[in-house]
Amino acid sequence: MNPLSDLDNALLWKYFEDICRIPRLSRNEGQVIDYLLAFAHEHKLKAKKDNTGNVLISKPASPGMENRKTVILQSHMDMVGEKEQGRPHDFSKDPIIPVVDGEWIRASGTTLGADDGIGIAAQMLILSDRDLVHGPIECLFTVDEESGMTGAQNLEAGFMTGEILINLDSEDEGELFIGCAGGIDTIGTFKCKTKKPEDGSIAYKMSVGGVKGGHSGDEIHKSPGNAIKIVNRFLWNAGNDFRLALSMFDGGNLRNAIPREAFALFTIPAALVEDFEDYYQKFTNALLLELKDFEPELSFRLSRSELPETILTRKRQVRLIRALYACPHGVITWSPTLKDLVETSTNLASVKFTKPNRAIVTTSQRSSVDTAKKNIGDRVASCLALGGARVEHSDGYPGWSPNPDSEILNITTGVYAGLFGQEPVVRAIHAGLECGLILEKYPGLDMLSFGPTIKGAHTPSERINIHTTEKFWKLLLEVLGRIPEKW
Ligand SMILES: [Zn+2]
């Protein structure tokens with residue numbers, strides 16, 4: 001039984017179903033690579049595979065269209081494998097069976113892999129249908145987008161010849177994407193010389209929780225709140241007034257997540273306890289008031305604790321706390337050309353005390369402008385270095401700077417308005433896409449990304465909307481028919 005065969009454009013869905021049957025988790029794309037190469041062979045199309053596993057299949061222009069610019073259509077072969085608890089599905093061998101559910105197509109308790117199986121299906125239909133009108137086409141299928149973008153990263157210059165690239169890996173129909181952010185991590189290691197706590201001190205643990213947090217790309221603009229920053233602000237102030245001696249500071253977790261929780265362990269001279277607790281109340285109340293509209297769930301907790309074995313020397317403590325205070329967090333600049341796009345941001349992601357006597361501060365920067373990404377990375381590095389840290393950067397990955405004057409964007413916008421009587425939304429995202437990496441190897445490419453609406457990607461509730469898939473297909477075909485002639 002073919003549950004999708006009653007839909008319009010049955011052949012597109014047939015290819016989609018075929019792809020769903022092939023196990024293809026990231027870094028295990030062997031079967032889908034073989035399937036694509038066999039498909040090319042069957043349809044007498046030129047195909048090649050690079051050392052990383054990326055596949056390129058080419059199709060000549062339809063009659064009369066030979067003079068048009070070559071278009072690269074791009075998708076990724078791998079998918080995320082997530083399932084509901086208790087599902088026996090084995091992603092290394094079991095097929096995914098898509099089912100129609102009202103307006104949507106979904107799997108049964110697992111990810112569907114419409115991200116990016118629908119892109120692959122669209123490419124296959126374009127490659128196999130001899131009645132379509134278009135110029136020369138190159139279909140690029142990358143490996144390992146989901147777990148590290150190593151396919152796009154290892155793409156070799158000269159593998160493709162096209163001048164225009166349409167990425168088919170977006171998930172909001174009606175939106176055209178023209179940019180993404182690059183990223184880099186900046187990590188500071190502080191030496192924490194320690195000593196024994198002074199006689200007659202009392203220890204406390206102070207924690208902050210309930211900060212919104214979220215993804216450091218998509219959600220960095222939603223609140224200035226950062227649990228590490230809030231704890232540190234308290235330490236900085238109380239450190240000056242109460243001879244607070246820091247023993248431990250811990251906050252945040254993943255480099256791409258905004259810290260929701262943090263805590264510090266410290267001592268106070270016993271004689272100051274009453275004043276200190278009073279100060280703590282006033283200080284936290286003022287902060288709750290200041291942040292109430294940004295962070296309605298923000299909470300503080302102060303509890304007495306066992307006296308720690310060691311505290312930081314005064315000099316090391318002051319350096320660490322000052323460096324964290326100076327270190328920026330959040331939106332640095334908004335795009336001057338695209339509304340509501342964060343251009344550059346930085347996330348103060350985590351502070352971890354590790355033995356022997358080290359504090360590691362991890363931060364992560366993003367920008368759609370590569371020089372701006374380097375600039376904010378250097379600014380953060382400066383703050384940490386001024387505090388005495390040894391600073392390292394990760395290799396990072398490049399962004400894709402939006403070009404509102406792009407030719408393929410202008411064509412697609414016009415086609416969209418003509419077909420659907422409505423202007424598409426033109427956007428960029430403040431997170432990574434393969435386009436940034438591809439552009440690094442092919443700096444002259446004119447690129448655009450669009451796709452049908454997919455909800456719940458990377459979760460067992462992943463589903464693709466049928467109606468928007470039809471719109472996506474119409475748009476893609478019409479755009480291919482309007483590609484201009486070569487210079
Ligand atoms: Zn994807």
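Predicted model: local features only at pLDDT ≥ 70, side-chain atom pairs only at ≥ 80, totals over all residues.
Which domains does the domain assignment of the chain give? The assignment gives domain 1, made of 10-180 + 400-481, and domain 2, which covers 183-393; such bounds come from an automatic or database domain assignment. Residues are numbered from 1 along each chain as its sequence is written.

The C-alpha centres of domain 1 and domain 2 are 41 Å apart, and their contact draws eleven residues from domain 1 and twelve residues from domain 2, where contact requires C-beta atoms, placed from the backbone, to lie within 7 Å.

Let me turn to helix 9, residues 407-420, where helices (H or I, at least four residues) and strands (E, at least two) are DSSP runs numbered from the N terminus. Its buried residues are Ile 408, Leu 409, Thr 412, Val 415 and Tyr 416, and because they cover an arc of only 135 degrees around the axis, they sit on the same side of helix 9; that arc is taken over the directions from the helix axis to the C-beta atoms. The face turned away from this buried side carries the exposed residues Asn 410, Ala 417 and Gly 418. Buried here means 20 or more other C-beta atoms within 10 Å of a residue's own, exposed means 12 or fewer, and partly exposed lies in between, with C-beta atoms placed from the backbone.

Covering the buried residues of helix 9 are, among others, strand 7 (164-167), strand 20 (425-427) and helix 11 (466-481). Just after helix 9, Gly 421 adopts a positive phi of about 65 degrees.

Notes. Contact = placed C-beta atoms within 7 Å. Expected span 1.5 Å × (residues − 1).
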